[in-house]
Amino acid sequence: MALEMFRKEETLAMRKKLIGQSCRLFYSDDPVKIVRARGQYLYDENGKRYLDCISNVQHVGHCHPSITQAATTQMELLNANSRFLHDNIVQYADRLAATLPDKLRVFYFVNSGSEANDLALRLAHQYTQHEDVIVLDHAYHGHLTSLIDISPYKFQKLTGQKEWVHVAPIPDIYRGIFREDHPNPAQAYADTVKDVIDKVHQKGRKVSAFFSESLPSVGGQILLPKGYSTKVAEYVRSAGGVFVADEVQTGFGRVGSHFWAFQLQGDDFSPDIVTMGKPMGNGHPLSCVATTAEIAGAFTANGVEYFNTFGGNPVSCAIGLAVLDVIEKEDLRGNSSRVGGHLLDRLRQLQTKHPIIGDVRGVGLFVGLEMVTDKEQRTPATDAAAQVVRRLKEEYICVSTDGPWENIVKFKPPMCFSMEDADLVADRIHHILTGDWNTYPIALTYYNTFTHKFSYLSASLVRGALHSAVARDIIERR
């Protein structure tokens with residue numbers, strides 16, 4: 001099979017003509033054309049290899065032979081919808097149940113994280129008979145209309161906040177209202193949710209659900225302070241609502257120490273509904289909602305059948321089972337802990353050398369590097385972060401940014417990421433922040449117009465990211 005049908009320029013021209021322009025490309029100024037992949041590596045049309053630090057969907061590695069074999073074998077045998085009795089769907093549900101708290105024993109299979117979160121909303125509304133939903137600031141839960149309504153990341157740019165949606169502060173102990181020096185940030189942030197609930201009640205309304213990613217991703221690779229979710233769940237359930245844990249980005253062992261990120265909150269915590277997706281099918285469209293028998297019973301009692309044409313089909317479930325097998329056989333959770341820990345150590349070493357790195361945080365292979373122009377003020381270094389992404393691309397390393405100010409370089413690579421990969425990433429970042437000696441002779445100093453202090457940044461970043469007259473003047477004088 002030919003790897004290319006069109007030259008890169010032709011493909012790009014056709015895409016601009018035929019594909020909606022809101023469907024954006026990575027590196028839109030100079031896109032990378034990828035024609036094949038394996039493991040944690042992507043290959044362009046010229047055979048250049050890129051280290052993939054972006055694709056958390058290809059969870060166990062691109063084109064894993066066990067996954068492709070499972071898909072091919074089942075597809076050659078049978079693929080039909082789940083109204084026909086078949087072993088794969090019940091075997092897969094049983095395997096998933098073994099990873100979850102005992103009370104989460106009923107499953108609905110769908111095809112994307114957005115579908116899963118939309119169904120979770122329906123389950124919560126049906127069970128509680130309430131409408132209102134509490135979400136975290138800058139949250140993103142999917143692209144369906146119902147989910148844009150509960151995603152501040154989206155609705156703040158579009159139609160605005162609906163009356164039934166309520167936003168609580170994101171529990172960010174680096175940049176939020178309660179920081180790392182607070183004696184009990186988990187309780188403090190949980191109490192902000194309690195305040196939101198009280199305001200909902202004052203309006204004569206009732207809470208259906210608290211909806212949160214177990215580790216907010218678009219919000220900035222945030223680690224929730226331990227104990228936060230337990231206390232929030234207590235407040236929400238007391239108000240008649242349910243706790244929904246969105247594991248679409250973080251499930252299936254990415255955090256290393258646990259299979260699900262919500263389990264970082266402690267053994268005594270269990271959500272009422274869990275949604276899962278992206279890594280579940282290793283690139284195949286597969287997602288799921290897990291819930292309690294009581295919530296599922298209320299959904300059944302409405303008398304309306306729930307049917308999903310492709311959800312839980314034999315091929316999807318065969319792929320899902322193969323993913324679970326690979327996670328276990330290749331000890332990918334252990335690899336996530338070891339390699340992720342090493343990457344965090346290397347990035348924290350860089351933090352001591354480069355003042356532009358304000359914070360390094362993460363768990364397993366869920367890592368964020370936050371860039372700032374001033375460590376005391378924690379002013380987001382948005383342009384510099386974008387320039388680091390561009391420079392890493394030139395080094396054949398693919399990363400991207402996240403957070404409200406897009407100043408957090410994020411790492412969510414395939415779980416087969418290696419120690420050598422982590423070292424390469426850290427070494428290249430250090431090289432970029434220190435200054436590219438082949439192009440620019442020395443790391444330059446630029447004047448920080450926000451605080452009237454000096455900070456250090458490589459010439460490549462200054463030229464590419466800082467456009468103030470002060471910065472240009474310093475470059476010219478040096």
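User: In which sense do β1 and strand β2 pair?
Analyst: Welcome! This is a predicted model, where local features need pLDDT of at least 70 and side-chain atom pairs count only at pLDDT 80 or more, while totals for chains, interfaces and linings use all residues. Residues are numbered from 1 along each chain as its sequence is written, and side-chain values use heavy atoms, without hydrogens and water. Strand β2 covers residues 41–44 and is joined to β1 over four bridges (strands are DSSP runs of E with at least two residues, helices are runs of H or I with at least four, both numbered from the N terminus; strands pair if DSSP finds at least two bridges between them), and the sense is antiparallel.

User: Which residue of β9 stands opposite Asp-246?
Analyst: Strand β8 (residues 242–246) and strand β9 (residues 273–276) run parallel, with three bridges joining them. Opposite Asp-246, β9 places Thr-275.

User: Are α11 and α13 roughly parallel or roughly antiparallel?
Analyst: Helix α11 has residues 332–353 and helix α13 has residues 419–434. Their axes come within 9 Å and cross at roughly 15° (axes are lines fitted to C-alpha atoms, for helices over the stretch in contact, with angles from 0 to 180 degrees between N-to-C directions). Under 35 degrees counts as roughly parallel, over 145 as roughly antiparallel, 65 to 115 as roughly perpendicular and the rest as oblique. That makes the two helices roughly parallel.

User: Which word describes how α12 and α13 lie to each other?
Analyst: Helix α12 (residues 382–394) packs with α13 while their axes are 10 Å apart. The angle of this pair is about 120°. α12 and α13 are therefore oblique.

User: Which element gives the largest share of the lining of the second largest pocket?
Analyst: A pocket, on a 1 Å grid over the protein atoms alone, is an open set of points with protein on both sides within 12 Å along at least five of seven lines, whereas a cavity is a set where a 1.4 Å probe fits but cannot get out; lining residues have an atom within 4 Å of a point. Here 25 residues form the lining, with Leu-25, Val-32, Lys-33, Ile-34 and Val-35 nearest the centre. The elements giving two or more residues are α1 (8–18) and β1 (34–38). Five residues, the largest share, come from α1.

User: How many nonpolar residues line the largest cavity?
Analyst: Its lining includes Leu-136, Asp-137, His-138, Ile-170 and Glu-213. Ala, Val, Leu, Ile, Met, Phe, Trp, Tyr, Cys and Pro count as nonpolar, Asp, Glu, Lys and Arg as charged, and the others, Gly among them, as polar. The lining has three polar and two charged residues, and its nonpolar residues number six.
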